Amino acid sequence: MNTTDTTPPSALVHLTTAGVSLLLDATDARLPAVVYWGSALGSLTSEDARALSDALVEPASGNVVDQPVRLALLPELHAGWEGKPGVAGHRDGTDWSPKFAVTSIEFTTEPHREGILSEAGAAAVTFRAGDGHAGLSLTIEVELLVSGLLRARAELTNTAAGTYTVTDLNVALPVPSRASEILDFAGRWSRERTPQRRQLVVGIHEREGRKGRTGPDAATILSVGTPGFGFQHGEVWGVHVAFSGNHRHYAERLSTGFQVVGGGELLLPGEIRLQPDASYRGPWLYGAYGSGLDDQAHRVHRYLRSRAEHPASERRVTLNVWEAVYFDHDCARLIDLADRAAAMGVERYVLDDGWFSGRRDDTRGLGDWSVDTDVWPTGLAPIVDHVRGLGMEFGLWFEPEMINEDSDLARAHPEWIMQTGGRLPVESRHQQVLNLGIPAAYDHIVERMSSILSEYDITYIKWDHNRDLIDAGTYPSGAPGVHEQTLAAYRLMDDLKRRHPGLEIESCASGGSRVDLGVIERTDRVWVSDCLDSVDRQQMNRWTMQLLPAEMLGSHIGSGVNHTTGRRHELSFRAATALFGHFGIEWDLTQATQQESLDLAAWIELYKKHRSLLHTGDLMRADQTDPTLQVYGAVSPDKREALIFLAYLGRSDVAPRRVFTVPGLAPDKRYRVAPVLVGTPDDGRTDPLWYGDGSGVVLTGRVLAAAGLQAPGSFPERIVMLRVTEEC
C-alpha cells in the first residue's frame, strides 16, 4: 500500500538509490530546484543538505540580476533565468511570465522502491504550486526509480476565466561545468540512430522533432559528459523525452557558465488552449546519469525490465514474410514458407502488408481493414490455421493511423484525412494520415481491428507508420492535431490490448522512426530499421541499445544480398548480427540452399539456448581504439556468464594484432573464455594461441578487463563469438 505524507511547502529532499543522488531545494515555497544530480552522496542529514545547498549557490557576477539566479525544474523568467523557460504561454498576450508558489509537497513510497533513502523516506515527490495573479496552477512530479533513473513531468491548469494558450512546458536539469561534450543521434530512413558529437558551447543545442512521430533522426538520448567519455569511462548526464509525437531535446549553456539539459513536447501553434479548469500534462522527461554510456544504458534497461508490462515470456523466433513475398500473397507459397520455418524451429509467423481489401501495391487500400477476398476467398483461416497447426503463433501487419486516398474509407469519409488550409497534404508513400482524434474515425478503426483479432487466432501485431505528419490538421477548421493524434494512437494500442489480453505489438514506423519510452509503455518491441544489412545493423543495434534492451529490438536475418544496400554477406555474419536482439528471419527461405537451411536451424537452436542470457544480461560495449573491431555482449546479472561478440567491420590500418578487453565481469572470479562455433565455419580466420583446441583460456575478470586477450585474425564482415563462464 502506498503511504503519503504531506509536509509544509518548504523542504530539502534527498532521493538516492543505485549509486545516484538527487537533491532538490523547495524551500520558501519556491518551485523545486535541482541542487545536485549525479553519483551517490551517501546519507545526508538535514544540516548536510542545507550546507550543500548553500555551498552551491553561485555568487552574483557582473551585469546580471542582484540576486543568485535560481534554476527551477521548470526554469522561471522572473527569477532572472535568461535561457529557455519552463512554462511559456499567455492569456491573450498577458500572464506570460508566471511566478509560482508551492502550496504542498507530497512524498510517496511504493513497496517496489524499498531501499530508496531520502530525508522524507520517499522515492517520489509531488509539488503543487499556483500563481493567483496569472490564474495558473502547476503540478510537478519527480521520481527516482529503482535503477537510479530519474524522471519528471509537469501539469499546468488554467484556474481563471478565459483561455490560456500553452506554447511550451519544458523540464530542465542542470549539469556541471565539467560536462562539456554532447552526444546525441541523427539518422535517416534505413540508417537510424547515427551518433554525433560536438562541444557544448554558449548557446543552445536544440533537437526538434516535427514529424508527428519520433523520427529516424531523433536525438533519442541527448547526453552531456566529461570530455572523451566512452562506454566504460567518463561521467555522462542524459535526457530522453518519452513522447512519440512532436518533441524537443536541448542542451543549453549560458554566458554565466550555467548549463542544462531538458526537453518536452513540441506544441504546434494553438494546439493547447486551456479553457477554465482544463489541464495540460507534458510527457515524462527521463534523466539518466552514468559512469560511462553502458552504466547510463543499464539504468534505462533495468527500469524497463522492472515493469509489470515488460515482456516476460521468452522472445519467440519470428519469421516475417515481407522481404520474401512483398505484396504477392499466394496461399500455397505462404504455407510453404510456414512449413520450412517450422521445420527450422521458428516460433512465430507474421503476415505483412498486402492481406486486406484492394491492397495489391502501396497506392491503395489503407484504411479498408477487411480481408481481400480476391486473394483470400475464404478469409485468412487457411494460413492462420496452418501456422497454428504447426505450433507457431500468428501475427498480422496493420497501419492503423494511415489511409490511402484510393480506398473505400477515404471515399466515404474524406473529412477524416488530416489536413489544413483547405488542401490535402502532399502524399508520402502514396498515403495520408487518418485523423484518430475524430471520435468516429477512432471508433471505426478500433472496431475493424478488433473484429479481425477476434475472428482469427492472432497474438501479435506489426504496427506500422509509414509517413511523417505534414499539414496535420483537423477538418474543417484545420487546427493542428498532432498532439491529439499521438494520444489517440496510444489509446488505440491500450484499447486493443485491453480487449485482447496477451496481444503483443511491435512498433514499426518506416523501420525505426518510432523508438521512444512513450510508445514502449504499450508495445513489446521496436523494428530497429527497414535495413537488414548487417554492417549497418551493427551500428543501429549498438546505439538503439542506449535506450532499449536487446529483447525489445527486432533483429532479423535478411537474404544473402541485402534488399536495401545490395551488399552480400555470409549467413554467419547475418545470423550473428541478428542474434543479439529479438531474433528473427526476413528472408525467402525457398532461396536458401540445403546447407544454409541446416545452418539456419543451428543458429535458431543457439539463440534459444542463450536468449535468456541475452535478454536479461547487462549490456557490455568495450571501448576500442580501432573502429574496425567492435566488442560487445551480455553479462548475466550474477556475473557468472557472458556471451561476447567480436565484430570485424573493416580492414584495420595496422597489422591485425589487436587486443580486446572484456569489462563488466566480477574482478575476482575466474572465467573460462572459449569460442562458440555454429554452422559452416568462416573462412579467413586465424586463431590465436589461447584458442587452443577450442577449450579457451581461464583468467580472472580483473585480468580480462585490464589486460584482455589477443583477438583472432579475420576477414572483414565476420563475427567471432565467445562464451564466458565462471570456473568453480
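1. The face of helix 5 turned away from its buried side carries two exposed residues, Asp385 and Gly389. Exposed means over 50% relative accessible area, buried under 20%, and partly exposed in between, with a 1.4 Å probe and protein chains only. Helices (H or I, at least four residues) and strands (E, at least two) are DSSP runs, numbered from the N terminus.

2. The model is predicted: local features need pLDDT of at least 70, side-chain atom pairs count only at pLDDT 80 or more, and totals for chains, interfaces and linings use all residues. Residues are numbered from 1 along each chain as its sequence is written, and side-chain values use heavy atoms, with hydrogens and water left out.

3. Helix 5 spans residues 381–389, and Ile383, Val384 and Val387 are buried in it. Seen down the helix axis, the buried residues fall within an arc of 100°, so they line one face. The arc is taken from the directions from the axis to the C-beta atoms. These buried residues pack against helix 4 (331–344), strand 23 (348–351) and strand 24 (393–398). Contact here means heavy atoms within 4.5 Å. Gly391 follows helix 5, with a positive phi near 90°.

4. Leu380 touches Leu351, Trp355, Val371, Leu396 and Tyr456, leaving aside residues up to four places away in sequence.

5. The largest pocket has a volume of about 1,000 Å³. A pocket is an open set of points on a 1 Å grid over the protein atoms alone, where a 1.4 Å probe fits, with protein on both sides within 12 Å along at least five of seven lines; lining residues have an atom within 4 Å of a point. Its lining has 38 residues, with Val34, Leu56, Val69, Leu71 and Phe258 nearest the centre. Strand 4 gives the most, five residues.

6. The second largest pocket has a volume of about 570 Å³. Of its 28 lining residues, Phe243, Arg281, His483, Leu487 and Tyr490 are closest to the centre. Helix 8 supplies the largest share, four residues.

Key:
Grid points are joined across faces, edges and corners, and a volume is the space filled by probe spheres set on the points.
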